[in-house]
Amino acid sequence: MSFSIFNFQFSIKMNKILIIINREFTTRVRKKTFLVVTIFVPILFALFYAFLMWMLLRDDSQERTIAVINESALETPFQKINNTSFTYIDQDIPEANYIDFLEKNDYYAITRIPANIMSHAEIPVFSTSQVPMELKNEIASQLRQKIESVKRAEVIAKTQIPDLEAQLDAVKTPVLVRTLLVTDSGDTKESSSEITSIIGLVAGLIIYFFIFMYASQVMKGVIEEKTNRIIEVLVSSVKPFQFLLGKIIGVAAVGLVQFLIWIVLGGGIILISQALFMPNLDLEALKDANDLNMFAQGTEINPEQLAIIQNLVKTIDPMFILKFVGAFLFYFIGGYLLYASLFAAIGAAVDNETDSQQFMTPLSIILVVALYIGVAAMKSPESSMVFWSSLIPFTSPVVMLVRIPFGVPAWEIITSMGLLVSSFLFFTWLSGKIYRVGILMYGKKVTWKELYKWLRYKA
Amino acid sequence: MSFFKALNIVKTYANHKALDGVSINIPEGAIYGLLGPNGAGKTSLIRIINQITAPDSGEIFFRNEHLKPSDVNRIGYLPEERGLYKKMKVGEQAVYLARLKGISKHEAIIRLKMWFEKFEIEAWWDKKVEELSKGMAQKVQFITTVLHEPELLIFDEPFSGFDPINVELLKREILELRKKGTTIIFSTHNMGSVEEICSHIALINKSHKIIEGPINQIREKYASNTYQLCCRYNPEFSPEKVIGSEFEIISQRVEGDRQDIILQQNTYCPANTLLSRVLPQTDIISYQKIIPSMNDIFIKLVKEQV
């Protein structure tokens, strides 16, 4: 009998929490700002991604001719490369006439190799448009090789040492660093920590923004209910703690839905752009391909670019993605719950948003510090500061995610997660007490001491 | 018969005792006025009844059973500081608040339609609350308070912020609800409305209950045995000669052709005896016992306690 009464009471409570979750969710999702942010952020990302892909893989089909005024002793220092050819001009053209000259002859750029190039290796390139990085590097590299070979010949002639050329060549030692990841099971596999740690940092950043965005939404909601005084009606229908719980879960649902939409949209955009930019690329085959030159023939992509893509594909194996997404969701929800309950307590303690600053500041500082440590973790994932802050609940959601791609022992992750869960339970309980008193307290400038008193009031 | 009873309620905040052993007993069907100056502890008591806060000690019974969490659905509360979500539509918001009181969505819509029709505010359903005037929002809030047909209604200063026409409308609705059997707690400073609609009152001052009971009995109790005799002015009539030894004149006043005499009755004397003594001398217009207004009692008791 008593059990069924308990059950009945429990279902009433649950039902009310669901009604609250429903309101918190639907009113936010229906807002225009939600729609705008949800749609425009992925579009922005897509544009950014498309721009990167375009930069990386653009088909540089523009035929360029660069006019060269050679005043030095170097003989034909520039050779045709890709779409860029060089024309050597005998006559001298004054600098003031460059534009006319370029336009008249349809040259892309004009350069002047000064007579003193051997002692002072610097040349100007005049162009009516921005010279791409790639071309600039190409010009520098060709000129450098030419100058070096002349200088080398001079040295060889001067020193009279036989085989000097061969000996100098032998000095050159290219070093290849292969990074291998040793896993618990003893396997080793190729990894690229640059790419994975960037993924980790991006995930940490997303968590940082989500916590800020949604936890402060909870706070705004609490302040709104307090200032327009509806809270007293609400807590006469439902216990303050249940109401708070419903609100926090409702807002979290908004965040998760937004995030899911982003994943779906983002995934779609990546697939589409891949189809657009690399129509013939078989990623599975690429993963196992050894000879990238062979592979590149079918795809119109040059081998260096393929190497980057191959690296990406190799690094991101499905198990890793699964683990990483799991950890992401855990730290996202855990971090959000921890901060949301604290932000809610702040919202309850103050009368308006301006007053919330004094309590917000310490939390914001902790979050920003977490972000900085996250960035530092990319460079030195093993440092003790990074280690401790990936265990401490207030910073772990951001820092641990940056660490995970570098490989973190299971016990550290379990400890970090355990600490996060227990601290969010503790702080939610604590915040609940402050919330309960604060929502009905008006016109009082609240101090830390006052908050401490509230903790000791009976429910 | 006990409908709602609070026994020895104590509530302490950090610096002061808001309620110090307050007991109230509300009979079924009463309009129970909870009176007291600002800061007396009325709101603390109301919040405890609504289970918004818990008392430090004391017991509360609702129909002879301990007050339990699910009882919030049997109580309706209109706080003094009223408020609704400004950005939410009126109808949607009313449905939400009703659902939190345990009414199904379907039922809430049916009842709301009825109330909106009654108050002639159907057109507001899809308006946002921020588009309504203060008075309009108050009407909506009144509806949301009574929509779940609670057995006990608690109004904290219900008439503040209403214009006189809407005050009348509200009074009518409150009396209507009482007729249907709803018990009402009515917290206010407005003594005029207390006399008009309350059947019982309790006066709370400085965390203590000073007095409680049916309003007529209380007024009777504080009546100070003074009478007002009003008669046609007659210069020959000298009251002190005829009233007899039981009475003593406190004051008298002549206004036009009327003479008002306030009498203090020192020993019991039936009204008829006095009247028969005065009757031969002059025309009597009225004779009545002076009953103090609630306002007088309120001020007297609060001052006494200082």
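Domain bounds here come from an automatic or database domain assignment. On that basis chain B is divided into domain 1 (4-220) and domain 2 (224-290), and 45 Å separate the centres of these two domains, taken over C-alpha atoms. This is a predicted model, in which local features need pLDDT of at least 70, side-chain atom pairs count only at pLDDT 80 or more, and totals for chains, interfaces and linings use all residues. Residues are numbered from 1 along each chain as its sequence is written, while chains are lettered from A and ligands numbered from 1 in the order in which they are written.

Here is a friendly tour, starting where the chains meet.

**Where chain A meets chain B**

- Contact joins 20 residues of chain A to 23 residues of chain B, where two residues are in contact if their C-beta atoms, placed from the backbone, lie within 7 Å.
- On the chain A side, helix H1 (2-29) and helix H7 (231-234) each supply at least two residues; helices (H or I, at least four residues) are DSSP runs, numbered from the N terminus.
- H1(A) gives the most to this side, with six residues.
- By class, the side of chain A that touches chain B has nine nonpolar, five polar and six charged residues.
- For these classes, Ala, Val, Leu, Ile, Met, Phe, Trp, Tyr, Cys and Pro count as nonpolar, Asp, Glu, Lys and Arg as charged, and the others, Gly among them, as polar.

**Helix H2 of chain B and its partners**

- The axes of H2(B) (residues 90-100) and H3(B) (residues 105-118) come within 9 Å and cross at roughly 125°; axes are lines fitted to C-alpha atoms, for helices over the stretch in contact, and angles run from 0 to 180 degrees between N-to-C directions.
- H2(B) and H3(B) are therefore oblique to each other, as angles under 35 degrees count as roughly parallel, over 145 as roughly antiparallel, 65 to 115 as roughly perpendicular and the rest as oblique.
- Their contact is built from B:Gly91, B:Ala94, B:Val95, B:Ala98 and B:Arg99 of H2(B) with B:Lys105, B:Ala108, B:Ile109 and B:Leu112 of H3(B).
- Those contact residues divide into six nonpolar, one polar and two charged.
- H2(B) also packs with H4(B) (residues 134-146) at an angle of about 30°, with their axes 9 Å apart, which makes the two helices roughly parallel.
- Here B:Val90, B:Ala94, B:Leu97 and B:Ala98 in H2(B) meet B:Val140, B:Ile143 and B:Thr144 in H4(B), a set of six nonpolar, one polar and no charged residues.

**A helix pair in chain A**

- H13(A) (residues 357-379) and H15(A) (residues 396-403) have axes that come within 8 Å and cross at roughly 10°, so H13(A) is roughly parallel to H15(A).
- H13(A) brings A:Ala370, A:Leu371, A:Ile373, A:Gly374, A:Ala377 and A:Met378 to the contact, and H15(A) brings A:Val398, A:Val399, A:Val402 and A:Arg403.
- The residues of this contact divide into eight nonpolar, one polar and one charged.

**Helix H5 of chain B**

- At 1.5 Å a residue, the 16 residues of H5(B) (residues 164-179) should span 22 Å, and the end C-alpha atoms are 23 Å apart, which agrees; the expected span is 1.5 Å times one less than the number of residues.
- Just after H5(B), B:Gly181 takes a positive phi of about 105°.
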